[in-house]
Amino acid sequence: MIQTQPKTISMALVITLSSIYAVSPFAIDSYLPAIPIIAEEMHVDISMLSVTVSLYIFGLAIGQLIGGPLSDRHGRLPIMILGLGIFAFASMLLTTSSHISMLWIWRILQSIGGGIAIVGVPATIRDNAEGKEAAKLFALVSLIMMIAPSIAPTIGNFILSLHNWHGVFYFMTASSCFAILMAIKFVPHQSSKRKKELAITIERRKGIRFIDVFKHKHGIGYMIAQGFAFAVMMTFVTNSAMIYMGVFEVSSDVFSMLFAANIAGLIVINRLNTFLLNRFEPATLLRCFLTMQVFGAVLLVISSLLETKILAFTVVAFVITISANGGIMANSNACFLKHFAKDAGTASAVLGAFQCTMGAAISAFAAFISMGYLQPVVIIMLISSATALTAAIHSNKQAQIAEATDEVN
C-alpha cells in the first residue's frame with residue numbers, strides 16, 4: 001500500500017476549490033433573468049427555456065461520472081482544467097445559439113464540463129484531509145458556494161442592463177477561464193514520484209467500479225442521506241415561487257425576501273456546524289441536522305393541514321427544514337468519502353451524480369403532482385428527509401460495528 005502524507009490546505013486553495021464548485025450553481029441561476037428575453041427572441045414558449053435547468057442538472061450528473069474515474073487515473077488538476085475548458089468553450093458556443101435546439105445542446109455540453117470540473121473538488125479535500133478537518137473544509141467550501149446562487153440572479157440582471165443576454169454567457173466564459181488560472185496556481189500538482197506510484201498502482205489493481213460504491217455497506221447510507229436531503233432543498237427551490245406567490249399570494253419583492261431567509265439560515269447553520277465540529281464527530285452532527293430537517297418537515301405538514309394557512313408559521317418551518325442542509329452536506333460528504341481513500345474521485349462522481357439525480361427527479365415529481373397545492377410538496381419533503389435520516393442512522397451503526405470489530409481484533 002502506498003502511504004501519502006496529507007498536505008495542508010491553504011485558504012487560497014479553499015477559495016480556488018470554492019470558485020470551481022460555484023461554477024455550476026452560478027451557471028444555473030445567473031441566466032434565469034434572461035430566460036424570458038431568450039424565449040421571445042427565439043420565438044418559443046418560456047417553458048422550453050425553463051427545461052434547460054433540468055437539462056443542466058442531468059448533464060452535471062453525466063460529467064461527474066466521466067470526471068471522477070479520470071481524476072483518479074490522471075490526477076485532480078488536469079481533469080479540473082479539462083472540465084473548466086469544456087465549460088468555457090460551451091459558454092462561448094451558447095452565445096452563437098439562434099435556435100432552441102442548439103441552446104439545449106450547448107447547455108448540456110456546458111453542464112458536462114461543469115460536472116467534470118467540480119467532481120475533483122471533494123476528491124481534492126479527501127486527498128488532503130479526513131474526519132473533522134475534512135468536514136470543516138467541506139463546510140467552508142459549501143459556505144462560499146452558497147453565495148453564488150444567491151447573488152447570481154442579481155449579477156445576471158446587472159449584465160442585462162449593460163448588454164444583451166449573450167453577455168451573461170460571456171461572463172460565464174470569463175469566470176471559468178479565471179477559475180482555470182486559479183487552479184493552475186493553487187491546486188497541488190502531482191510530483192513525478194507520485195505519478196510513477198499512481199501508474200504502478202493502476203497497473204496492479206483495477207480501479208473501483210461505480211457499482212462497487214453502491215455496494216459499500218458502510219458508505220451507501222451516507223450517500224442516500226445526502227441525495228435525499230439535497231432533494232428536500234431542490235423541492236423547495238423548484239416549488240417556492242408557486243407556494244409563496246401562488247398559495248399565499250405574496251408579491252415578488254416579498255417572495256425574494258422570504259427566499260433569502262433560507263439562504264441566511266443555511267449560512268448560520270453552516271457556521272454553527274464548523275464550531276460544533278471542534279467537539280463532535282461528523283457522523284453525530286449529521287444525525288442531529290437530519291433530525292432538525294425532519295422536525296421542520298413535520299411542521300410543514302402541520303401547516304399544510306391547517307384550515308387557515310399561516311404564512312409566518314410556514315416560513316419558519318421552511319427555514320428550519322432548508323437551513324439544516326448547511327450542516328448536512330458537509331458532514332455527509334466527510335462521512336461518505338472517509339471510506340474511499342484511494343478512489344475518492346470515482347466515489348465523489350457517484351455521490352454527486354446520485355445527489356443530482358435525486359434532486360432533479362424528486363423536485364420535478366413534486367412540482368408535477370402539486371397542482372398548485374402546498375400539501376403534496378411538503379409531504380414529499382417529509383418522506384425524503386425521513387429517508388435521509390434513516391439511511392444515516394443505518395450507516396452510523398455499521399461504522400460503529402466495524403470500529404468495535406477492529407478494536408477486538
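**Figure 1. K136 and E133 in helix α7.** The side chains of K136 and E133 form a salt bridge with an N to O distance of 3.9 Å. A salt bridge here is a side-chain nitrogen of Lys or Arg within 4 Å of a carboxyl oxygen of Asp or Glu. Both residues belong to helix α7 (residues 131–162), where they are three residues apart, about one turn of the helix. Helices (H or I, at least four residues) and strands (E, at least two) are DSSP runs, numbered from the N terminus. E133 is partly exposed, because its relative accessible area is 45%. Buried means under 20% relative accessible area, exposed over 50%, and partly exposed in between, with a 1.4 Å probe and protein chains only. The model is predicted: local features need pLDDT of at least 70, side-chain atom pairs count only at pLDDT 80 or more, and totals for chains, interfaces and linings use all residues. Residues are numbered from 1 along each chain as its sequence is written, and side-chain values use heavy atoms, with hydrogens and water left out.

**Figure 2. The salt bridge of D72 and R76.** The structure has two salt bridges by this rule. One of them joins D72 to R76, with the closest N and O atoms 2.9 Å apart. D72 and R76 are both buried.

**Figure 3. The chain as a whole.** The chain contains 17 helices and zero strands. Of its 409 residues, 51% are buried. Among contacts (heavy atoms within 4.5 Å) with a separation of 6 or more, 83% are between residues 24 or more positions apart. Accessible areas come from the Shrake-Rupley method with a 1.4 Å probe; for residues, only the protein chains shown count as cover.

**Figure 4. Aromatic rings around Y244.** Nine aromatic pairs are found in a search of the whole structure. Rings of Phe, Tyr and Trp (its six-membered ring) pair if their centres lie within 6.5 Å; planes under 30 degrees apart count as stacked, over 60 as edge-to-face and the rest as tilted. Y244 and F248 make a tilted pair, 6.5 Å from centre to centre with 45° between the planes. Both of these residues are buried. Y244 also pairs with F255: the ring centres are 6.3 Å apart and the planes lie at 55°, so this pair too is tilted. One aromatic cluster is formed by F236, Y244, F248, F255, F259 and F318.

Figure 5. V298, I302, L306, I310 and F313 make up a nonpolar patch on the surface, and together they have about 360 Å² of accessible area. Patches are made of residues with over 30% relative accessible area and no salt bridge; like charges are joined within 9 Å, and nonpolar side chains (Val, Leu, Ile, Met, Phe, Trp, Tyr) within 5 Å. L306 sits in the loop between α13 (282–305) and α14 (311–323). L306 counts as partly exposed because its relative accessible area is 31%.

**Figure 6. Q355 and its contacts.** Q355 is part of helix α16 (residues 344–370). With a relative accessible area of 13%, Q355 is buried. Neighbours within four places in sequence aside, Q355 contacts Q226, G227, F230 and M329.

**Figure 7. H218 and K397.** H218 lies in the loop between α10 (210–215) and α11. Its relative accessible area is 16%, so H218 is buried. The C-alpha atoms of H218 and K397 are 8.9 Å apart, while 179 residues separate the two in sequence.

**Figure 8. I46 in helix α3.** I46 is in helix α3 (residues 46–74). This residue is partly exposed, with a relative accessible area of 41%. Residues up to four places away in sequence not counted, I46 touches I35, P36 and A39. I35 is eleven residues from I46 along the chain, and their C-alpha atoms are 6.9 Å apart.

**Figure 9. Cysteines C177 and C335.** The structure contains zero disulfides, a disulfide being a pair of cysteine sulfur atoms within 2.5 Å. C177 is partly exposed at 35% relative accessibility, whereas C335 is buried at 7%.
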